[in-house]
Amino acid sequence: MQQSAAPELAHAHTRPIHWVATATAVSGVVALSSLVQPGSATAAQPAPGTEVKSAPAAVAPPSTTGVAFPLACGPVKAVVVKKATGDLDGDGRPETVAVVHCDAPMGTPPDGVYVLTRGTDGGKARVVATLVDPKDRLTVTDFTLRARAVGATLLGYSSSDVPSCCPDTKTPAKWQWNGNAFLRSTPAGDHSV
């Protein structure tokens with residue numbers, strides 16, 4: 001018989017007294033929890049004749065449905081390919097920013113980026129700013145709306161000799177409202193060909 005290097009521990013073997021102590025402790029916890037109860041809930045009622053005001057309802061962002069985008073598509077329709085919503089001007093009402101191009105059957109149609117808003121009366125959505133004009137022959141990728149700024153990567157062409165299938169420039173751009181207009185910035189050194 002081989003002897004263990006560690007001495008036998010008294011608490012490693014359960015005896016009936018251990019079970020009695022555990023049962024007593026559990027019974028004590030259960031008994032104590034039945035004596036301690038949370039207080040009853042009360043709700044304050046408004047005084048008679050007092051007007052109860054509810055929190056203002058969230059304003060829905062403008063929809064792109066039915067908006068006449070300033071885009072000449074000929075016989076095909078304009079299609080919204082990306083959109084994001086957020087409060088760009090800090091007035092508490094969200095705007096919608098939409099990336100739109102003509103639904104051309106072939107080729108890479110250029111994108112337009114438009115900011116939509118509604119009047120204070122909540123009427124129909126309308127275009128209030130053009131961030132990217134389709135005449136500039138740009139394609140928008142990596143489109144985001146964060147911290148009241150619109151961000152995108154613009155794919156374009158270094159000259160009119162570059163075929164429409166193969167943009168050869170890539171420029172990050174950011175637009176932010178300054179109180180009067182959306183200002184575009186391009187981080188220094190981020191223009192690539």
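This is a predicted model: local features need pLDDT of at least 70, side-chain atom pairs count only at pLDDT 80 or more; totals for chains, interfaces and linings use all residues.
I take helices (H or I, at least four residues) and strands (E, at least two) as DSSP runs, numbered from the N terminus. Residues count from 1 along each chain as its sequence is written, and side-chain values use heavy atoms, without hydrogens or water.

**Entry: Asp142**

I started at Asp142, which sits in strand β5 (residues 139–146). Is Asp142 buried or exposed? I sort residues by relative accessible area: buried is under 20%, exposed is over 50%, and partly exposed is in between (1.4 Å probe, protein chains only). Asp142 has 53% relative accessibility, so it is exposed.

Next I listed contacts (heavy atoms within 4.5 Å). With neighbours within four places in sequence left aside, Asp142 touches Lys82, Gly151, Ala152 and Thr153. The side chain of Asp142 also makes a polar contact of 3.1 Å with the side chain of Thr153. For that term I need a pair of N or O atoms within 3.5 Å; within protein, one must be able to donate a hydrogen and the other to accept it, and residues adjacent in sequence count only if both atoms are side-chain atoms. I also checked Pro172, 30 residues from Asp142 along the chain: the two C-alpha atoms are 8.9 Å apart.

I count two strands as paired if DSSP finds at least two bridges between them. How many bridges join β5 to β6? I find six, and the strands run antiparallel. Thr144 stands opposite Gly151 in β6. The two strands form a hairpin with two residues between them. Ala147 lies in the loop between β5 and β6 (149–156). Its phi is positive, near 50°, in a residue other than glycine. Ala147 is exposed, with a relative accessible area of 70%.

**Entry: Arg137**

Arg137 is in the loop between β4 (126–132) and β5. I noted a positive phi of about 60° here, although Arg137 is not a glycine. Its relative accessible area is 29%, so Arg137 is partly exposed. Where does Arg137 lie relative to Tyr157? Arg137 lies over the face of Tyr157, at 4.2 Å from the ring centre. My test for a charge over a ring is NZ of Lys or CZ of Arg within 6 Å of the ring centre and within 35 degrees of the ring normal.

**Entry: whole-structure searches**

I searched for salt bridges (a side-chain nitrogen of Lys or Arg within 4 Å of a carboxyl oxygen of Asp or Glu). The search of the whole structure finds one. Asp91 and Arg93 form a salt bridge through their side chains, at 3.1 Å, N to O. Asp91 is partly exposed at 35%, and Arg93 is partly exposed at 26%.

For aromatic pairs I use rings of Phe, Tyr and Trp (its six-membered ring) with centres within 6.5 Å; planes under 30 degrees apart are stacked, over 60 edge-to-face, and the rest tilted. I find two such pairs in the whole structure. In one of them, the ring centres of Phe69 and Tyr114 are 5.5 Å apart and the planes are at 40°, so the pair is tilted. Phe69 lies in the loop between α1 (16–35) and β1 (78–86) and Tyr114 in strand β3 (residues 112–117), so the pair ties together parts 45 residues apart in sequence. Both Phe69 and Tyr114 are buried.

**Entry: Thr117**

Thr117 lies in strand β3. Thr117 is buried, with a relative accessible area of 11%. Not counting residues up to four places away in sequence, Thr117 touches Pro62, Glu95, Lys124, Ala125, Arg126 and Val128.
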